[in-house]
Amino acid sequence: ARNLTQHYDETHGGIGGAPKFPNSLIFSLLLRQLQAKDKRSYLEKTVYTLRKMAKGGMYDHLGGGFHRYSVDEHWLVPHFEKMLYDNALLTRLYLEGYQASGDIFFRQVAEEILAYVEREMLHPGGGFYSTQDADSEGVEGKFFVWDQDEVMQLLGEEVGEIFCCYYDITDVGNFQHKNILHPILDMEQLAKMFRRDVGDLTHLIAQAKRTLFAAREKRVKPDRDEKILTSWNGLMISAFAEAYKVLGNPRYLEIARQSVDFILNHLCRDGRLLRSYKDEQAKFNAYLDDYACFSAALLDVYEATFEQDYLDRAIAFSAV
């Protein structure tokens, strides 16, 4: 942990420079070392990074979920693809950040990621799809970016001015003459600028986001890779199980259970795991990461339920 933090970006958070990836497991390690060593700087670095990522353009402020990485060092312009495994690891990291800091913003981000996954990436029978593409209609990021005129037309002059100021939306744009949403003020600064109550502006921004999200849903969506991979599903099952343990939402446990059942019913043969499922066909013997991630998921669901069958299955897969 000490060696890794030598590469920490003190200005923008994260590890290293552009392109900048979330590096979820590094910051999860720092939080664990915080518990072991009571090293306050590890918490400070993690909290700063989590806030910078979630306030940047790498985060989908309307629909939830993180894009794959930022092409710049300050988290503004993402590669717009969304990966299941990134969002699984980031869910757990934001939950850990919430537990370590008590910052409810991190709880909100985790909840929004899981809402995105349930809405866009959950197979009807359980299990999770792999990715959403960066492109739609042949243009990278087209689904996610905005013209200022479009925003103003949807929100009206008064609300539109406030929203554009908050999310850095201009007629020039910040990405190929379009706008990637990212808040550049905190709510207190926005309230002072417009001489409005913080609570009123918080409600106004939330309603405006719902309006833009509804409009965005009418666009052509990026293609989705509907492979269901055992290893990545294990990571996401763990994320939902952990969210249930931390936040107590029974829907999270329901999704975790359902997805465990999907893997056992569709990606398990003669006591061994298979790797990939698509179009009602499972293929390929599982690799080590499939066994590791799914066994860990079974342990996480066991810890959420204390039902012996999950523990027994984790032990059995570990012995294959």
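Tutor: A cavity is a set of grid points where a 1.4 Å probe fits but cannot get out. Keep in mind that this is a predicted model.

Student: How much space lies in the second largest cavity?

Tutor: The search of the whole structure finds two cavities of 30 Å³ or more. The largest cavity has a volume of about 80 Å³. The space in the second largest cavity is about 70 Å³.

Student: Which element gives the most to the lining of the second largest cavity?

Tutor: The lining includes Y116, R119 and E120, along with D60, K82 and Q132. By class, this lining has four nonpolar residues, one polar and seven charged. The element that gives the most, with three residues, is α4.

Student: How many nonpolar residues does the lining of the largest cavity have?

Tutor: Among the residues that line the largest cavity are Y59, L62, F80, W146 and I180. Its lining also has three polar and two charged residues. The number of nonpolar residues is seven.

Student: Which residues are the closest to the centre of the largest pocket?

Tutor: The largest pocket has a volume of about 640 Å³. Its lining is made by 26 residues, and the elements that give two or more of them are α2, α4, α6, α7 and α8. By class, the lining divides into 13 nonpolar, five polar and eight charged residues. The closest to the centre are F105, Q108, E112, Y167 and K209.

Student: What is the volume of the second largest pocket?

Tutor: The second largest pocket is lined by residues including H12, Y48, R51, H74, W75 and P183. Its lining has four nonpolar, four polar and three charged residues. The volume is about 260 Å³.

Student: Are helices α3 and α9 roughly parallel or roughly antiparallel?

Tutor: The axes of α3 (residues 84–101) and α9 (residues 230–247) come within 8 Å and cross at roughly 25°. Angles under 35 degrees count as roughly parallel. The two helices are therefore roughly parallel.

Student: How many charged residues are in the contact of α3 with α9?

Tutor: From α3 the contact takes residues including L84, Y85, L89 and R92, and from α9 residues including W232, L235, M236 and E242. By class, the contact has 13 nonpolar and five polar residues. The number of charged residues is two.

Student: What is the handedness of the crossing where α3 passes α9?

Tutor: The angle at which the two axes cross is roughly 25°. The crossing of α3 past α9 is left-handed.

Conventions: Residues are numbered from 1 along each chain as its sequence is written. This is a predicted model: local features need pLDDT of at least 70, side-chain atom pairs count only at pLDDT 80 or more; totals for chains, interfaces and linings use all residues. Side-chain values use heavy atoms; hydrogens and water are left out. On a 1 Å grid over the protein atoms alone, a cavity is a set of points where a 1.4 Å probe fits but cannot get out, and a pocket is an open set with protein on both sides within 12 Å along at least five of seven lines; lining residues have an atom within 4 Å of a point. Grid points are joined across faces, edges and corners, and a volume is the space filled by probe spheres set on the points. Helices (H or I, at least four residues) and strands (E, at least two) are DSSP runs, numbered from the N terminus. Ala, Val, Leu, Ile, Met, Phe, Trp, Tyr, Cys and Pro count as nonpolar, Asp, Glu, Lys and Arg as charged, and the others, Gly among them, as polar. Axes are lines fitted to C-alpha atoms, for helices over the stretch in contact, and angles run from 0 to 180 degrees between N-to-C directions. Angles under 35 degrees count as roughly parallel, over 145 as roughly antiparallel, 65 to 115 as roughly perpendicular and the rest as oblique. A crossing is left-handed if the near helix is turned anticlockwise from the far one by less than a right angle, and right-handed if clockwise. Contact means heavy atoms within 4.5 Å.
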